[in-house]
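Welcome! Here is a short tour of how two protein chains meet. Take a moment with the sequence and the structure before reading on.

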Amino acid sequence: MPATPNSIKLIGGNSHPELCEKVSKKLGLSLAKVGAFQYTNKETAVAVGESVRDEDVYIIQTGCGEQDINDFVMELLIIINACKIASARRITAVVPNFPYARQDKKDKSRAPITAKLMANLLQTAGCNHVITMDLHASQIQGFFRVPVDNLYAEPSVLRYITNNFDKKDLIIVSPDAGGAKRVASIADKLDVQFALIHKERQKANEVSRMVLVGDVSDKVCILIDDMADTCGTLCKAADILLDNGAQKVVAMVTHGIMSSNATEKLNNSKLDRIVCTNSLPLNDKLAQCPKLEVIDIAPTLAEAIRRLHNGESVSYLFNNIPE
Amino acid sequence: MRDLVVLGGSSHPSLTRTICRNLTIEQGEVSSRKFSNGETSLEIQDSVREKDVFIVQSGCGDVNDNFIELLIMIAACKTASAKRVTAVLPLFPYSRQPDSPHAAGLTGAPSISTKKEQYTYESVPGTPGPFVSKNSDTFTSDSDSHTPPPTLNLGGKSVFSGLKPQVERTQSYSSKFFTPKSIVTNSASTNLPPVDAYGKTESGYKQWIAQNGTLIANLLVTAGADRLITMDLHDPQFQGFFNIPVDNLYSRPLLKHYILDYIPNYQECVIVSPDSGGAKRATAVADAIGCSFALIHKERRAKVAKNPPSTAASSSSVPMSASNTILSSSNTMVATTMLVGDVRDKVCVLIDDLVDTSYTITRAAKLLKDQGAKYVYALVTHGVFSGDAINRVNKSAIDKVITTNSVPQSERMKVLGSDKFEVLDVSRILAESIRRIHNGESVSMLFDHGW
């Protein structure tokens, strides 16, 4: 017997209300009346003001906030659990920027693999599906026992490049060896050269020595990375590229975390501009940093939600941007 | 003790230190930091391979930060091949949450913050005052309001309590959505419909608040906890949410010893429970000491009234000593507080497991003083004192507060001073339970005798 038709319920967490709004508008739905708040003792609670019984629930919550990231994680877990208690048919967590994605391996003795822990926590809370974007390591998908759709910002990035730059003097640069694959793929699709900067890292968030591999003289360099946190890497990479004769340097990153004094660093850096997606809220950063530009990924997320709900293939989105 | 490792989270380092001192072992070294993007980063310095690990973390301060830190720590120990990981949570996070928006209105914090000097002996939650224009759609609050009201808008109107029964005050602002996140961020996205006095929305769906108990239990087990030690759980049923052993310790022996040792003429005093839910806890203490017992009962009824009722009339009957009225256009919630038992010229000892916003306990103290109590002690296991609670307690009718160091209390001590505030030490009882669990001895002896 075919399952009775159900509908999409879109729930927004408190981490990125603007993105929730955009996705809901794109889908032509209003956000469900489910909201999280915090008591004075700083415990999070979720009030459910609308039935989600037997519905297809999508919860949008991104990992962001220097002060609140753990609050948002708990909020997401509690909303998922609330929907589970409320008998939702399927619960999908839409997490554009997966929290703790960089702690994905036991790189030292007794280091926690927090990304794995997050995966377990989400599943324990009752998550049946995860939509995320540009995971720091795509192996994180393997931490889950539920399906994970790892979307790519690449189509949006490609479109931005083709619309804004002349291919003739373009070169794509990866600021670290880990991103080489991502960069090679983009360079292939644009049919341009690519270069690589190798860095030796001693401590997390601190960059020591960098070496450029490839010729960038008189080229417009596009630095591509999955996230920009303190932006130290990007700024140093820009210096090296310009020292090696680059014409100008533009950075394009999926997740603009921009913690601590990143905007200040960017303002003082030699980067021409930095382009991020709105996987994280960037409004206050936009005001601080005139070099910052934002690509909207809400259409991709909305289309992924629509396709998932209707049981259509999501892989179309890996290479195309929905209109 | 061989193979015993005690690690401490960042919520309550001094408790971890004293526990280790009691166990005469070195505390395991953990460096807990935040990455620049706010993510918690942990490093356990010493080997825990095949060790029996205890992690002390209280559910206080930034609860979510501390809870996630605990989960990461448990997971880190597990991946580092610890033999057994026991989480020691003196105050269990999320153990008490109002189960309905109604309850949230009264026991949760209706805390529109007032200016510091406005805390009153009567301990009335601050109200925006009678001067705000009626039916305004926007929420107005006074200048230093860092805590908008998490009163889950009962009929679009907020909860307030009458200062005196005779005084009628109409709450006259309304907010379309209740204001969430009373502390941290961002109320804009919360998307909740207005509800009436029965918690129903226009569509007839009754708004509810998710209970997080099972989730928290499951998260701890998922992270890899093999065992749990906690203290004075608000709901004893909480133990049943776990599939792992939970040792729920009691602070009752500590409280009892305090009464016996420090309250003059303790045989004459009256043990009072500030709400009916805590009656069992309070009677247990009263029985153990052999003194009399009284109970404060709160009742909330919704009734439909054409006109706002005269509060003076409804509160003129004898047992009603305070009444809280919530008015909305069509429905009226009447909350009455009554005292069962005689406290005239007696020394009263209020006993509760947890004081959070302190509204319940300060109102109870006020009621007791109104009924002629001579002196009011408040004995609480977990003194959370969130928001402005401590200032409210300071200005309240409570003469002395006794609590335990299950959460850090040194800041509170500075506000209240040692004349009004006393902290009992729970580290010995926790240390002893750790020792006994490590050695595989019985813990039940601690329930009755303390340590």
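This is a predicted model: local features need pLDDT of at least 70, side-chain atom pairs count only at pLDDT 80 or more; totals for chains, interfaces and linings use all residues.

## Salt bridges between the chains

A salt bridge here is a side-chain nitrogen of Lys or Arg within 4 Å of a carboxyl oxygen of Asp or Glu. Across the interface of chain A and chain B, the rule finds two salt bridges.

Polar contacts also link the two chains: 24 residue pairs make them across the interface, both residues being at pLDDT 80 or more.

## What chain A brings

Which elements of chain A give two or more residues to the side that touches chain B? They are strand 2 (34-38), strand 3 (44-48), helix 2 (69-85) and helix 3 (114-125). Helix 2 of chain A supplies the largest share, with twelve residues.

Sorted by class, this side of chain A has 31 nonpolar, 21 polar and 13 charged residues.

## The extent of the interface

In total, 65 residues of chain A are in contact with 71 residues of chain B. Between them the chains bury about 5,600 Å², and 59% of that is on carbon and sulfur atoms. On the chain A side, A:Y39, A:T40 and A:R110 lose the most area to chain B, together 15% of what that side buries.

## Strands that pair across the chains

Strand 3 of chain A also runs antiparallel to strand 6 (residues 208-209) of chain B, and two bridges join them. Within this pairing, A:V48 stands opposite B:W208.

Terms used
Residues are numbered from 1 along each chain as its sequence is written. Chains are lettered from A and ligands numbered from 1 in the order in which they are written. Side-chain values use heavy atoms; hydrogens and water are left out. Contact means heavy atoms within 4.5 Å. Buried area is the accessible area (1.4 Å probe) that two parts lose on being put together, summed over both. A polar contact is a pair of N or O atoms within 3.5 Å; within protein, one must be able to donate a hydrogen and the other to accept it, and residues adjacent in sequence count only if both atoms are side-chain atoms. Helices (H or I, at least four residues) and strands (E, at least two) are DSSP runs, numbered from the N terminus. Ala, Val, Leu, Ile, Met, Phe, Trp, Tyr, Cys and Pro count as nonpolar, Asp, Glu, Lys and Arg as charged, and the others, Gly among them, as polar. Two strands pair if DSSP finds at least two bridges between them.
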